[in-house]
Amino acid sequence: MIHAPGGIRCPDCAQLRRPPMYELETGHYLRAGAVALLGAVAIGVASALLLPPSPVGGLLLFAIALLGGVAAATLLARAFDLVTNRKRGRALQLLASAAIVAAALLRLLVSGDLGLITQDAGGIVFAVIGALVAWNRLA
């Protein structure tokens, strides 16, 4: 006997499977990958223009980086929702978080200050908060 959401059933009648929102096909992965790539480029270039890398940080810089990370991750997760028909799962979480981190690295590359990778506190806050929000939105 198996304890199913509808009560106790025999193994043949239970037919336990994953919820449909976690069942992804190849097309979903391809569309999500394309959105992740385009999103990382767009977010990286926009954040390089709006939040230039700086080794000195202040409270305003941290606030802008925090809000920017939340906004970028929310936009990316919403784009994932649109192209995958609101699918969820670990693969999409990893893809979105990787896209946010790639956008933060692309931000440094576009601005020409790749040497500031460990000193840019605003970029680190942007990447960490963005990756966490993207992970949570696609859970």
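Start by selecting N85: with a relative accessibility of 62%, this residue counts as exposed. The model is a predicted one, and N85 sits in its loop between α3 and α4 (90–111). Most residues other than glycine have a negative phi.

How exposed is R86? Its relative accessible area is 48%, so R86 is partly exposed; the exposed class begins over 50%.

M21 belongs to the loop between α1 (11–14) and α2, and a relative accessible area of 37% makes M21 partly exposed. Which residues does M21 contact, if neighbours within four places in sequence are left aside? They are R86, K87 and R88. For a distance across the model, pick the C-alpha atoms of M21 and V101: the two residues are 80 apart in sequence and 25 Å apart in space.

Go back to T84, in helix α3. Is T84 buried or exposed? T84 counts as buried, at 0% relative accessibility. A polar atom of the T84 side chain lies 2.6 Å from the backbone oxygen of F80. Not counting residues up to four places away in sequence, T84 touches H28, A32 and L92.

Select H28 next, in helix α2. H28 is buried, with a relative accessible area of 9%. Beyond residues up to four places away in sequence, H28 touches T84 and K87. A polar atom of the H28 side chain lies 3.0 Å from the backbone nitrogen of E25. Between H28 and F80, 52 residues apart along the chain, the C-alpha separation is 9.3 Å.

**α2 against α3**

Show helix α2 (residues 26–50) together with helix α3 (residues 59–84); their axes come within 9 Å and cross at roughly 155°. The two helices are therefore roughly antiparallel to each other, an angle over 145 degrees being counted that way. Their crossing is right-handed. To display the contact, select H28, R31, A32, V35, A36, G39 and I43 of α2, with A72, L76, A79, F80, V83 and T84 of α3. Coloured by class, these residues divide into nine nonpolar, three polar and one charged.

**α2 against α4**

The axes of α2 and α4 come within 7 Å, crossing at roughly 30°. These helices are therefore roughly parallel to each other, and α2 passes α4 in a right-handed crossing. On the α2 side, the contact is made by Y29, A32, G33, A36, A40, V41, I43, G44, V45, S47 and A48. The α4 side supplies A91, L92, L95, A99, I100, A102, A103, L106, R107 and V110. By class, this contact holds 17 nonpolar, three polar and one charged residue.

**A stop on α4: Q93**

While α4 is on screen, select Q93, which is placed in this helix. Q93 counts as buried at 5% relative accessibility. Which residues meet Q93, leaving aside neighbours within four places in sequence? W135, L138 and A139 are in contact with Q93.

**α3 against α5**

For the last stop, show α3 with helix α5 (residues 121–137). The axes of these two come within 7 Å and cross at roughly 35°, and the crossing is right-handed. From α3, select L61, F62, A65, L66, G68, G69, V70, A72, A73, T74, A77 and D81. They meet A121, G122, V125, F126, I129, G130, V133, A134 and R137 in α5. What is the class make-up of the contact of α3 with α5? There are 14 nonpolar, five polar and two charged residues.

Key. Residues numbered from 1 in each chain as written. Predicted model: local features only at pLDDT ≥ 70, side-chain atom pairs only at ≥ 80, totals over all residues. Heavy atoms only, no water. Axes fitted to C-alpha atoms, helices over the stretch in contact; angles between N-to-C directions. Helix = DSSP H or I, 4+ residues; strand = E, 2+ residues; numbered from the N terminus. Parallel < 35°, antiparallel > 145°, perpendicular 65-115°, else oblique. Left-handed = near helix turned anticlockwise from the far one by under 90°. Contact = heavy atoms within 4.5 Å. Nonpolar A, V, L, I, M, F, W, Y, C, P; charged D, E, K, R; others polar. Buried < 20%, exposed > 50% of the residue type's maximum accessible area, 1.4 Å probe, protein only. Polar contact = N/O pair within 3.5 Å; in protein donor to acceptor, adjacent residues only side chain to side chain.
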